[in-house]
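Hi,

Here is the structure I promised to pass on. Have a look at it first, and then read my notes below with the model open beside you.

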Amino acid sequence: MLAQPLCDRFGLQIVLLIMVIIFPRLSQKNNNKTRPYRNVKVAFSSEIRLLDQEAIEKYGLSQEILMENAGSAVARFVSQLAQEDSSIAVVTGPGNNGGDGLVCARHLASMGINVQVYLIAEPEKLSSLVKKNLERVALADIPVEKLTGEDVEDLHALLPSFDIVVDALFGTGLSRPLEGVYREAVEAINNSGSPVVSVDTPSGINSDTGEVMGVAVEADFTITFGLPKVGLLLYPGAEYAGEILVTHISYPRRLVEDERIKVETNDPLYPPPRKPDTHKGDYGKALFIAGSKKYYGAAMLASRSFLKAGGGYSRLATVQSIVPFLATRAPEAVYEGLEETSSGTISHRNVEKLLELSRNADIVVIGPGLGLDGETIKLVLDLVPAIEKPLIIDGDGLTAIARNPSILATRKSPTVITPHAGEMSRLTGKPIEEVKRSRLTTAREFAQKLNVYVVLKGAHTVIATPDGRAYINLTGNPGMATAGSGDVLVGTCRQARHRYQL
């Protein structure tokens, strides 16, 4: 997902750089012994501060060394974008992010590249380390223009003349909306028309949530340090970040692989290899309790996608009246016709039959296209705590569960729920906008509280586990925003021995 745009715009060399940094095992074969990708830890700002602290206190890496490594990493990347006669503007702020930018400017100048620094800060407000790097820039005869107050408006006229703009205003520490001169500076960067490289995090993006803090830099590239930040992978931050590169700035491996960091990217998995002497029973039996007269497509998509994703045997329990129609579209499934309500949904009279069917399944799915008849809602509420197999709940099943989410905690077998933001709002009681602003936190809290696996759909999908871990799935595309995608997702979820697989 990262490589193609770069290949089009900047050539293969940078593509390979990103593949090495983000996906170091991309070229390996997909077989029993190796996997083509590797999970990457993703950090909150507080965790990055902890890594910095431990790098300094335990491993003897001073803040100055870390800043030098960060700035030089940005400079190396920018130098690959630059042409022989390119001019580069580095827009710096008052904090350590600005210090990284000053180091970047010094390294670029040492490569013979034309660099201009714009400092958006009162000199007396700079930290001692940033002041030291500002002095080094001055000693290297790199031009620095200090812009404060109304002078910042000059950036609108100045920046378009540069071939590349480096955004080093604010990094992970931003906690309030950008206003005044900083807002003006961000708007000037966005209006420059030049490729923009952001340092660590695009200025104005909340590095923990991906929120836009009033206004934010729209970067073409973001060079982030230590680990990717949560806000770079969740929207809208992911859109503002552009292409993301990670440099560890000499952190010891044990820091960037620390088990205290509970969020990771999702490791794409492929169906396991099949032995020549095998049969459908070796690949799992699923029971789907789904569908109604009004929504029979959902049941068909879910039950069929299980087979397409590598499942062995798919049994669909649905209202009797739609079975003949479904059988022409998904003849591979085995059908169980059920009694129905006057509105064409599954009747509560099927409880015992469905429990008996569940005992012969490896995994049960309930919810797609069920409808919201009161009798069917009662059916769901009675079945969920009684089914003794791994259970996936989706769609109308989640709306039913929202009447009493606490029953999820009573289940002994693993439970997976696959809500979109609206369904998560109903389950948690949070306003939908709050769910969207805090998708990762909301999913983790609910997973731990009710002992379930949460697949919170969206861009990017968040998967949270009962033990407090979470995974951000970077796959997908806008074409998936269509009716039926969620039903297909349900069919492709399966319970692994030690953790979810998606």
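Before we start, one term: a crossing of two helices is called right-handed if the near helix is turned clockwise from the far one by less than a right angle, and left-handed if the turn is anticlockwise. Also keep in mind that this is a predicted model.

Now the pair that needs that term. Helix α4 (residues 63-81) passes helix α5 (residues 96-110) in a right-handed crossing. The two pack at an angle of about 55 degrees, and their axes are 7 Å apart. That angle makes α4 oblique to α5.

In what order do the strands of the open sheet run? There are 11 strands with mixed pairing, and the order is β1-β9-β18-β17-β16-β15-β14-β13-β10-β11-β12. The edge strands are β1 (41-42) and β12 (334-338), since each of them pairs on one side only. Inside that order, β15 (residues 415-417) and β16 (residues 453-456) run parallel and are joined by two bridges. Look for isoleucine 417, which stands opposite valine 454 in β16. Helix α19 (residues 439-450) packs on the sheet, where it touches β9 (263-265), β15, β16, β17 (461-464) and β18 (470-473). The direction of α19 makes about 25 degrees with that of β17. Helix α12 (residues 296-308), for its part, lies across β10 (285-289) and β11 (313-319), and runs at about 170 degrees to β11.

There is another parallel pair to find: β2 and β3 are joined by six bridges. Valine 90 stands opposite valine 117 in β3. Five of the six residues of β3 (residues 114-119) are buried, so the rest of the structure largely encloses this strand.

Strand β2 (87-92) also turns up in the story of helix α8, as part of what covers its buried residues, along with α7 (155-158), β5 (164-168) and β6 (196-199). Which residues of α8 (residues 180-190) are buried? They are Ala185, Val186, Ala188 and Ile189. These cover an arc of only 160 degrees around the axis, so they sit on the same side of α8.

Helix α17 (residues 421-428) is largely enclosed by the rest of the structure, because six of its eight residues are buried. Those are Ala421, Gly422, Glu423, Met424, Ser425 and Leu427. Their cover includes α16 (396-401), α18 (432-437) and α19, as well as β15 and β16. Just after α17 comes glycine 429, with a positive phi of about 80 degrees.

Finally, two single residues. Is threonine 341 buried or exposed? Threonine 341 is buried, because its relative accessible area is 9% and the cut-off is under 20%. This residue lies in the loop between β12 and α14 (351-359). Leaving aside neighbours within four places in sequence, threonine 341 is in contact with Ile346, Ser347, Asp373, Glu375 and Thr376. Isoleucine 48, in helix α3 (residues 45-57), is buried too, with a relative accessible area of 6%. Not counting residues up to four places away in sequence, isoleucine 48 touches Ala43, Phe225, Leu227, Lys229 and Tyr251.

Notes: Residues are numbered from 1 along each chain as its sequence is written. This is a predicted model: local features need pLDDT of at least 70, side-chain atom pairs count only at pLDDT 80 or more; totals for chains, interfaces and linings use all residues. Side-chain values use heavy atoms; hydrogens and water are left out. Buried means under 20% relative accessible area, exposed over 50%, partly exposed in between (1.4 Å probe, protein chains only). Helices (H or I, at least four residues) and strands (E, at least two) are DSSP runs, numbered from the N terminus. The arc is that of the directions from the helix axis to the C-beta atoms. Contact means heavy atoms within 4.5 Å. Two strands pair if DSSP finds at least two bridges between them. Axes are lines fitted to C-alpha atoms, for helices over the stretch in contact, and angles run from 0 to 180 degrees between N-to-C directions. Angles under 35 degrees count as roughly parallel, over 145 as roughly antiparallel, 65 to 115 as roughly perpendicular and the rest as oblique.
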